[in-house]
Amino acid sequence: MGSKAGGARVSVEQAVIAPCRSHDPEWWFSSAREELSKAMSLCRSCSHMTECLAGALARGEAAGVWGGRYLVEGRIAAVPGPWLPSRGSVRLSVSRSRNDEGRG
């Protein structure tokens, strides 16, 4: 007998192998950015990623990580939590502010 994983019917063996079936299920529905990131990373190695995301979008899943993407109200959304700029962005803003100081 098969089980559903992201809307696609898969065998019991495939369901056991899927990361969402072999790791803490709370990671896929957490409000903590770190846990959501873990879930998204694990999804990227799953052979069902595409079907999972397509199924979740078709069903309008309320929230959670599906197919490696974070969904809210049936749509792909940004992962909640603080935004951390890349180092290049920080350097650029620092150098601009230093240049502006010399013009005043």
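Predicted model: local features only at pLDDT ≥ 70, side-chain atom pairs only at ≥ 80, totals over all residues.
Local features need pLDDT of at least 70 and side-chain atom pairs pLDDT 80 or more, while totals for chains, interfaces and linings use all residues. Residues are numbered from 1 along each chain as its sequence is written, and side-chain values use heavy atoms, without hydrogens and water.

Trainee: With which residue does Lys 38 form a salt bridge?

Mentor: A salt bridge requires a side-chain nitrogen of Lys or Arg within 4 Å of a carboxyl oxygen of Asp or Glu. For Lys 38, the closest N and O atoms of the bridge are 3.9 Å apart. The two partners stand 4 residues apart in helix H3 (residues 33–43), and about one helical turn separates them. The partner is Glu 34.

Trainee: How far apart are the closest N and O atoms of Glu 61 and Arg 59?

Mentor: The structure holds 2 salt bridges, and Glu 61 with Arg 59 forms one of them. Arg 59 also lies over the face of Trp 66, 5.3 Å from the ring centre; such a charge has NZ of Lys or CZ of Arg within 6 Å of the ring centre and within 35 degrees of the ring normal. In the salt bridge, the closest N and O atoms are at 2.7 Å.

Trainee: Is Trp 66 buried or exposed?

Mentor: Buried means under 20% relative accessible area, exposed over 50%, and partly exposed in between, with a 1.4 Å probe and protein chains only. The relative accessibility of Trp 66 is 14%. Trp 66 therefore counts as buried.

How values were computed:
Helix = DSSP H or I, 4+ residues; strand = E, 2+ residues; numbered from the N terminus.
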